[in-house]
Amino acid sequence: RSRVTDVSSGSPVFVVMNFDQEGNVTSFEKKKTELFQELSLQARDLRFQHSTSLIARNNCIILRMESLKAIVTPHSLLVLDFRGLGLEHWLVLELAPQLASQSHSLPFEFRALDAILQHKVNTLRARLNVVEPAMLDTLESLVDPKILSADRSKLHVLLQNSKSLSELETDIKVFKETLLKILDEDEIIEELCLTKWTDPRVFEESSLGIDHAEEMELLLDNYYMQAEELGNKTRELKGLIDDSESVIFINLDSHRNVMMRLSLQLSMGSFSLSLFGLIGVAFGMNLESSFEEDARIFWLVTGFMFLGSGMIWRRLLSFLGRHLEPSVAPLIPQVWKRNLKASDMKTGVR
Amino acid sequence: RSRVTDVSSGSPVFVVMNFDQEGNVTSFEKKKTELFQELSLQARDLRFQHSTSLIARNNCIILRMESLKAIVTPHSLLVLDFRGLGLEHWLVLELAPQLASQSHSLPFEFRALDAILQHKVNTLRARLNVVEPAMLDTLESLVDPKILSADRSKLHVLLQNSKSLSELETDIKVFKETLLKILDEDEIIEELCLTKWTDPRVFEESSLGIDHAEEMELLLDNYYMQAEELGNKTRELKGLIDDSESVIFINLDSHRNVMMRLSLQLSMGSFSLSLFGLIGVAFGMNLESSFEEDARIFWLVTGFMFLGSGMIWRRLLSFLGRHLEPSVAPLIPQVWKRNLKASDMKTGVR
Amino acid sequence: RSRVTDVSSGSPVFVVMNFDQEGNVTSFEKKKTELFQELSLQARDLRFQHSTSLIARNNCIILRMESLKAIVTPHSLLVLDFRGLGLEHWLVLELAPQLASQSHSLPFEFRALDAILQHKVNTLRARLNVVEPAMLDTLESLVDPKILSADRSKLHVLLQNSKSLSELETDIKVFKETLLKILDEDEIIEELCLTKWTDPRVFEESSLGIDHAEEMELLLDNYYMQAEELGNKTRELKGLIDDSESVIFINLDSHRNVMMRLSLQLSMGSFSLSLFGLIGVAFGMNLESSFEEDARIFWLVTGFMFLGSGMIWRRLLSFLGRHLEPSVAPLIPQVWKRNLKASDMKTGVR
Amino acid sequence: RSRVTDVSSGSPVFVVMNFDQEGNVTSFEKKKTELFQELSLQARDLRFQHSTSLIARNNCIILRMESLKAIVTPHSLLVLDFRGLGLEHWLVLELAPQLASQSHSLPFEFRALDAILQHKVNTLRARLNVVEPAMLDTLESLVDPKILSADRSKLHVLLQNSKSLSELETDIKVFKETLLKILDEDEIIEELCLTKWTDPRVFEESSLGIDHAEEMELLLDNYYMQAEELGNKTRELKGLIDDSESVIFINLDSHRNVMMRLSLQLSMGSFSLSLFGLIGVAFGMNLESSFEEDARIFWLVTGFMFLGSGMIWRRLLSFLGRHLEPSVAPLIPQVWKRNLKASDMKTGVR
Amino acid sequence: RSRVTDVSSGSPVFVVMNFDQEGNVTSFEKKKTELFQELSLQARDLRFQHSTSLIARNNCIILRMESLKAIVTPHSLLVLDFRGLGLEHWLVLELAPQLASQSHSLPFEFRALDAILQHKVNTLRARLNVVEPAMLDTLESLVDPKILSADRSKLHVLLQNSKSLSELETDIKVFKETLLKILDEDEIIEELCLTKWTDPRVFEESSLGIDHAEEMELLLDNYYMQAEELGNKTRELKGLIDDSESVIFINLDSHRNVMMRLSLQLSMGSFSLSLFGLIGVAFGMNLESSFEEDARIFWLVTGFMFLGSGMIWRRLLSFLGRHLEPSVAPLIPQVWKRNLKASDMKTGVR
């Protein structure tokens, strides 16, 4: 039975890796049509249209976590199209032993779901662990108060990390929403407990006093909260980037102001020298000034030029000092202290 | 039966394109009044006041997706006022075959709704696919660390894309809300399953073991999630614009600081030259200095002028270097590392 | 029967304009106490304390939309205190005919409510239509890349429009919340259908197959969605202002950087001239240099001064060019392209 | 009966002001333990741990609105610890007459609650009325386009007002949440109607046809909406501050750009003078140039120096003019107009 | 009975501190497996995977508040792994007496939970009390209008505090969500009342007229609201940081503008001196100007040079003054006043 948008004629082939309860791993190819007929699923169930999904269909759990597509049946876990995704290592060395571990009293689907969700959260956490230190290093060097101009290659790194962080944030959000959608509806949780419906004997036996649905809720809630913690971390990191950028701007602005004051002080010096240099220029003209013959005049004028420049400069500098310090300042009380009092009083008479 | 705000006298005419189950396409004109009487609808149902709407009325699904206005009946799809909207190509070449495809076991209204929602999501995605690369290209060239001043034509492109992105965001939001409103109310979903109510025989026959309402919910949920994914993308893009703007500002500020330091260094040089040039000006005065006859004095004073300028300049430059590097720096521990420890300790004694 | 906070002794007088079903309009004055006794209302019901409210009380709908205060009874619409609000034109020329129109099968209160809500939405839309083009014009001229400094009168206009937009946003929000509160409670919707309760005969007659409550919900929902669309527009406009401000800042900063580079280049020229001018000053001193008699020396030194200045300037300029272009640039891969690859790989082995 | 965290041995004393139904006011001291035993309350009920609370306990309403702590019984209102809070004026001159007013048909607890909530809202509004004009004045003077540099004392005032506004926003939010918590649970509203439970006779008598719970809901909802209006105002003010800050920055940047262009133009002038002054310096050297004897040469060279400077300056200025106006400008269509068309077309063929 | 992810073979050992109802404190080591078998718990219940959790399992309350892990049974409180966390002081000196206090009529689990939640809230408040004054001090000194450039060590402190504040915000949020999850589900609250289920006799005896579940809800709600108040404080602080940063930027920009105007005024002076100095240079050339012999000419030219410079400078300064004051200013009405009127009129004729 196929569904609405299906127009592909030749049925595609899945490369399947099969994990059973005893820890046996087999790998084979199977036509998509055969696969869903075998599992009594419908075509649309194996379309995996969304990057993250987790649904129960006809005693199967069908899930996709980014590149990992899997079907959990009461007795086996099928991983589809696993090649070329860098998953082989995890599948063979970690997933297989985890599923085969006989120390668990809960049925197979719990072990499978647990392993896959754990892998997903680990993947997300690994991405955060790559981005976070790179980000902190970059910010650390960018907010360095000694730098006069931001290192542009660092800015590029910052931008890349910021983008990665946004993508990670989205993926965490999508993962959380996928779990939340299930946690919000008790029926779906019930459906996820495959053994309860298919294998009453195992169910009876395995679950003395254990409510499968409650166990499933705990399992999902656990990963939901882990994702929430990752989400909180990314949010904090984003906030840190914003704060750091402000500090970078204040730093750059401060440097500029300091340089500008120095520049202004030099301009004042140059102006003083030009002003008094004009006297020298005047006496350098080929015009008769009647002072030409007196040697003392030379020293007098020269001294006047240098001392005058110096004095004017000093006056200009002290003018600058006074100009930049607002005279109203002592009249302004401190913001916070006044405000604290105000907030004490604010509930008072009106 | 007309309704409250209807004051138009002459009933308007719809240009209708009719798709039936067998894939036949006919096109005709019909008076609005005739149309709604034929379908037992009310006048207000065909007013299409909102840019995006999807409602079930009297065994019809009436929907509008921006320019596309359509009525789905159990046996046919009517597209209204389709001319001049650039929809003809899609209507004839894509919609018709899709509706006629007999490979679906689900009734006609599912096929019609699926085709239209798919078209809508494709339209939204196409708009994102136009904006996104243009945006990335523009940002890429704007955050280039080599640029001293932002290319203003690029800024215009950025602003336009940013505006398009906002509009797209709104449209996605409206589309999502339209679907969510239906998904939140099971009754509306039931109403959308037209065949279930009108054609029990077809219903019985087509849906062995299939719950129409659940199929409808899956169909709508699928498009809801696709819209959500588009929405996540636009949100990420918006974040990227913000981050890039910060980087642009830091870049421009950094360039300015570098230029300012160069400028300040040159000013220091000019000042030194002016200061020692004043000696030359002094000796250039037409005043008797008693050194006139000694040739060595010329070289002495000239050398003093040049060397003095150079030395003063060097001292000024090293002063600048020290001035810009805050002496307190070595006392400041690194922000993050100290903080990491602090966060380790923060749960400690208090 | 009066209520808690009522301490006014002399009962105030309302100026009332009365519209009945036949389209007759009468205008009279009535004491507040008389009015609410006549309608069996309580004093507090006519206090109109909130700028926007819509409630059903004892078979009356009492509503206030900013300055418009009205009471809808099953047979008439009373508009209170309508003078001096600029509403007369609308009341007489638009409202009266609309209410009198006999083409509607739905009872009077629907027509009245529809007319008033439509007027409210039109008022909100008109305000947006005033603010939007003014805003776009102002932004258009402010983001003009040619401007070196923002026109300050434009900034004032921008600020005013921004304030108007905020106020409009609040009003739309309040209007939406007022409607939402009703839409969320089915009982209130039922209460708003006055005729259903007061005039069973008219009710029977007018509503063959029409569910009054559903009609009322559709009517309110329609205006809710129109308000939502206006709200989306204002939100987009706000976003546009933010984006434009960023562009304005980048523009101003870019201009500054360009001017700064020009200024720096000129400073380099001046410095070169000063440096080599010092030679001229040296030779201008009244000191014996032993070159005085040779005419070629004059040209040699003069040429050296000019050529030397020029050469030093060129070297400084090329130094500036190299200094501003970071040498690390070629090593930095493009942000987005690298990132795209990264996102492809990010789901891989870890 | 005491509760968990109570470890204080000596029972504290409350200073109580008692208002009864007849308008009598008495003031006395009472031990905390006596007070809660008399009212059959528990110790924890009189702990007033949160700044804003409103609860019903054993036929008493216990409320705290910042500094005002009160207990409403069916027959009296007790205000606790009223001294030193600036409340005396309000208690004696406003609250007492309001409570004694016999014009109300609703029981005492309504009058008491109404008076206290009204006082609370008035207090919040008074705070807004203090902050708002101060804020507007400050912003008005800060966005003045004539100012070259922001008045720093104004910035302090802005910061203080901004802080007060944040605190006010929090207080309004807390007040709204306190009311909302009650409005969301019908049982609590019922409990607040003390007379209904304690005094059936008065209840019967006073409330012909009046539903006490509904009256209570209306009363609380009224103050909720007033608080909401205040909250909207503060939000608008916050937005205005943000917008104004952007305008201040654009203003300051614009001034800087204008000054920078002037500075650049002057630098160009100075450069021109230096360049051609070098000729003068050259001829001022004590070197033989063979032109010394010709008087016309003096005028020629002098004229060349001045005219040359002027001409070079003019060329530099026109170069600057061209440089700052981007040549690509005419090629850029206007953002909005092009965009409008684009949005018209965006629903077209794809 | 162990659960899914448990693969550790050797069971770990807990260091346990046991508080009983009589105030006796014992400390011992116990294997994890023994511990959960003794309490009839499951292995996963003692895994403490999340930083903050509070659950009821099989008549035990298992909670973790950051570093504090505890199990509350109806008769004792077990604190696990308490060493090296700085908790000893609190455990011995505060917790023990608090639990032993016999003045409470409510059962043991209430006392234990109250003590632990109180400790948690106190810890959060202590962190805020460390960050807040440090933050205010730093901001106070950074917004000082006299500073020309921000103190960079202060910026580091600001960044650290900002980071601490973000972390605190997250912890408060997590704590609030943990409580809210319980408050939202009445069943969990019931489960937390251990005595009610385990010790009916004590229950009967202790709780004459007291509803345990309601008491538990009050207890949790109390701490929820305290956390909410802390959350409001952190939010206000964050807002204050943002506002302060804006003020810092305006301050720095203002300083820069003031310095730039001074610099421009000096440039004008220098330009004037250069311009008229050129006359002096001209007359200093070794060229015949025919004025050489007249002594008055010297004074005339010298005077012209100085007076001319001065006059040109004055003209330039007044030009600058006019240039920076936009002539359109008087035409612009004040923003707010016009706007106030506009808002009065905005509901008028349209």
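Author: A residue counts as buried under 20% relative accessible area, as exposed over 50%, and as partly exposed in between. This model is predicted, and those cut-offs can be applied to it residue by residue.

Reader: How do I read contacts within chain A? What share of those between residues at least 6 apart in sequence join residues at least 24 apart?

Author: The share is 62% in chain A. A:Asn122 and A:Ser267 are 145 residues apart along the chain, and their C-alpha atoms are separated by 61 Å. A:Asn122 sits in helix α3 (residues 108-142) of chain A, where its relative accessibility of 37% makes it partly exposed.

Reader: Now the interfaces. How much area do chain E and chain A bury between them?

Author: The size of an interface is often given as the accessible area lost when the parts come together. For chain E and chain A that is about 6700 Å², with 64% of it on carbon and sulfur atoms. Chain E gives 75 residues to the contact and chain A gives 72 residues.

Reader: Which polar features are counted between chain E and chain A?

Author: There are 11 residue pairs in polar contact, both residues being at pLDDT 80 or more. Salt bridges between chain E and chain A number two. One joins the side chains of E:Arg256 and A:Asp253, with N and O 2.9 Å apart.

Reader: Which elements of chain E give two or more residues to the side that touches chain A?

Author: They are β3 (52-57), α3 (108-142), α4 (152-183), α8 (212-284) and α9 (295-324) of chain E. The largest share comes from α8(E), with 24 residues. Sorted by class, this side of chain E has 32 nonpolar, 23 polar and 20 charged residues.

Reader: What is the other salt bridge like, between E:Lys181 and A:Asp221?

Author: Its side chains meet at 3.4 Å, N to O. E:Lys181 belongs to helix α4 of chain E and A:Asp221 to helix α8 of chain A, so the pair joins two chains. E:Lys181 is partly exposed because its relative accessibility is 43%.

Reader: Where in chain E do E:Asp171 and E:Arg127 lie?

Author: The two side chains form a salt bridge of 2.7 Å, N to O. E:Asp171 is in helix α4 of chain E and E:Arg127 in helix α3 of chain E, so the pair ties together parts that are 44 residues apart in sequence. E:Asp171 is buried at 12% relative accessible area, and E:Arg127 is buried at 9%. Salt bridges can also share partners: one network joins, among others, A:Asp253, A:Arg256, E:Asp253 and E:Arg256.

Reader: That leaves ring pairs. How many aromatic pairs are there over all chains?

Author: The count is 20 aromatic pairs. In one of them, A:Phe271 and E:Trp313 are 5.0 Å apart, centre to centre, with 55° between the planes, and the pair is tilted. This pair crosses between chains, from helix α8 (residues 212-284) of chain A to helix α9 of chain E.

Reader: Are A:Phe271 and E:Trp313 buried or partly exposed?

Author: A:Phe271 is buried, at 6% relative accessible area, while E:Trp313 is partly exposed, at 25%.

Reader: Why is the pair of C:Trp313 and D:Phe271 called tilted?

Author: Planes under 30 degrees apart would be stacked and planes over 60 edge-to-face. The planes of C:Trp313 and D:Phe271 are at 55°, with ring centres 5.0 Å apart, so the pair is tilted. C:Trp313 lies in helix α9 (residues 295-324) of chain C and D:Phe271 in helix α8 (residues 212-284) of chain D. D:Phe271 is buried, at 6% relative accessibility.

Reader: Which residues form one aromatic cluster with A:Phe283?

Author: E:Phe298 and E:Trp299 form one cluster with A:Phe283.

Key
Residues numbered from 1 in each chain as written. Chains lettered and ligands numbered in written order. Predicted model: local features only at pLDDT ≥ 70, side-chain atom pairs only at ≥ 80, totals over all residues. Heavy atoms only, no water. Contact = heavy atoms within 4.5 Å. Buried area = accessible area lost by both parts, 1.4 Å probe. Salt bridge = Lys/Arg side-chain N within 4 Å of Asp/Glu carboxyl O. Polar contact = N/O pair within 3.5 Å; in protein donor to acceptor, adjacent residues only side chain to side chain. Helix = DSSP H or I, 4+ residues; strand = E, 2+ residues; numbered from the N terminus. Nonpolar A, V, L, I, M, F, W, Y, C, P; charged D, E, K, R; others polar. Phe/Tyr/Trp six-rings, centres within 6.5 Å; stacked < 30°, edge-to-face > 60°. Buried < 20%, exposed > 50% of the residue type's maximum accessible area, 1.4 Å probe, protein only.
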